[in-house]
Amino acid sequence: MRIYSRILGTGSYLPAKRMTNADLAAELAQQGVETSDNWIVERTGIRARHFAADEQGCSDLATEASRRALDAAGLAAQDIDLIIVGTSTPDMVFPSVATMVQHKLGAAGCPAFDVQAVCSGFIYALTIADAMIQTGSSKRALVIGAEVFSRILDFKDRTTCVLFGDGAGAVVLEASDTPGILATDLHADGKYKDILCVPGHVNRGGILGDPVLKMDGQAVFKLAVGVLEETARASLAKANLTDADIDWLIPHQANIRIMQSTAKKLKMPADKVVVTVDQHGNTSAASIPLALDTAVRDGRIQRGQTLMLEGVGGGFTWGSVLLRY
Ligand code: UT7
């Protein structure tokens, strides 16, 4: 009999510091950087984002989201046999955020590792966990997307610093004889590495290159709308379903215009798209599990419904996970 993986519980965490566009615009103005609530809302749909406190690392956000997911699943950390974190903003070069989360949760022993696929990180992590559950090497996995993008933003670059926020989301996946995850689809194309990157890196005790986010927004935008439709259709085809079968579209939350365009291509009405970009900004690998948890907790997403999760980001990476909740 085929083994599936099912989501048992979801959780998320946003750091306490919330900044509206007006708050951010006022702070940027003090450094001579001009932006406005109007521009940000019109071009992106973002109204506010959260920033981690100085003493909070990615693993702190990830641990809090994990605790909430474990509570929702009715499990303890010791019940988990696999931890995967999608992140591009780890606490340290190494060890991984996943091992730190494991320790902070009071667990030890099970495999724990990070996946670096930028904004597609949670989709990659979920796909790997699903494959490990299907092969029987894991029975209960904690899958997390967590980021502190505020640490890699250039607050003098108004074309990027208004777009991102910090946060974490997590799910507990469990082996099941009923679906569960129905299909997954992952891709990458490294020739696009320069359109979205943080070029600086640690080198002989210093930093070589500029360690802040660089993005060619329009190039990313154009690629994103194309691949998000393609990957959704690929997952649907693998599961023998059509776009009419999707109850909720939960896309990476980067820009409301990208999300609207994808929804239109998939013939999804706007009220079937989970939108949190307005309140969270772009939280990279955390955005999809944050949106998922938001819609589970406010009662929109119900057991038995079909969800399309899809992400796109630096690399270029993209992919989707189609699942029955
Ligand atoms: O998570 C990974 C995926 N990332 C994405 O999906 C991001 C994809 N890209 C985008 O979302 C959009 O391209 C942006 C939101 C980044 C930019 O929107 P746009 O409609 O492509 O604007 P633009 O870059 O063409 O800029 C239009 C104007 C420019 O001024 P000029 O040259 O027309 O005079 C910019 O300098 O807006 C100006 N501008 C701003 N003005 C006020 C750029 N950023 C700002 C700002 N405030 N923050």
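This is a predicted model: local features need pLDDT of at least 70, side-chain atom pairs count only at pLDDT 80 or more; totals for chains, interfaces and linings use all residues.
Reader: Which residues of α7 and α8 make the contact?

Author: Contact means heavy atoms within 4.5 Å, and on the α7 side the residues that make it are Phe221, Ala224, Val225, Gly226, Leu228, Glu229 and Arg233, while α8 gives Arg257, Ile258, Ser261, Thr262 and Lys265. By class, this contact has five nonpolar, three polar and four charged residues, where Ala, Val, Leu, Ile, Met, Phe, Trp, Tyr, Cys and Pro count as nonpolar, Asp, Glu, Lys and Arg as charged, and the others, Gly among them, as polar.

Reader: How do you know that Val118 is buried?

Author: Val118 has a relative accessible area of 17%, and buried means under 20%, exposed over 50% and partly exposed in between (1.4 Å probe, protein chains only), so Val118 counts as buried. Val118 is found in the loop between β5 (112–115) and α5 (121–134), and its phi is positive, about 50°, although Val118 is not a glycine.

Reader: Why is Asn240 called exposed, and why is Asp247 called partly exposed?

Author: The relative accessibility of Asn240 is 72%, and therefore Asn240 counts as exposed, whereas Asp247, with a relative accessible area of 25%, is partly exposed. Asn240 is found in the loop between α7 and β13, and Asp247 lies in the loop between α7 and β13 (248–251). Phi of Asn240 is near 55°, a positive value in a residue other than glycine. Asp247 touches Met268, Lys272, Gln305 and Thr306, not counting residues up to four places away in sequence.

Reader: What makes a set of 44 residues a nonpolar core?

Author: A nonpolar core is a set of buried Ala, Val, Leu, Ile, Met, Phe, Trp, Tyr and Cys residues joined through side-chain atoms within 4.5 Å, and the largest such set here has 44 residues, with Val162, Leu249, Met308, Val312 and Phe316 having the most contacts inside it. Helix α7 gives the largest share of this core, eight residues, and the core draws at least three residues from each of domain 1 (4–176) and domain 2 (181–324). A second, separate core of 31 residues includes Ala141, Val274, Leu292 and Leu323.

Reader: What sets the bounds of the domains?

Author: The bounds come from an automatic or database domain assignment, which divides the protein into domain 1 (4–176) and domain 2 (181–324). The C-alpha centres of the two domains lie 14 Å apart, and their contact takes 55 residues from domain 1 and 46 residues from domain 2.

Reader: On what basis are residues numbered, and which values count?

Author: Residues are numbered from 1 along each chain as its sequence is written, and side-chain values use heavy atoms, leaving out hydrogens and water. Local features need pLDDT of at least 70, and side-chain atom pairs count only at pLDDT 80 or more, while totals for chains, interfaces and linings use all residues.

Note on methods. Helices (H or I, at least four residues) and strands (E, at least two) are DSSP runs, numbered from the N terminus.
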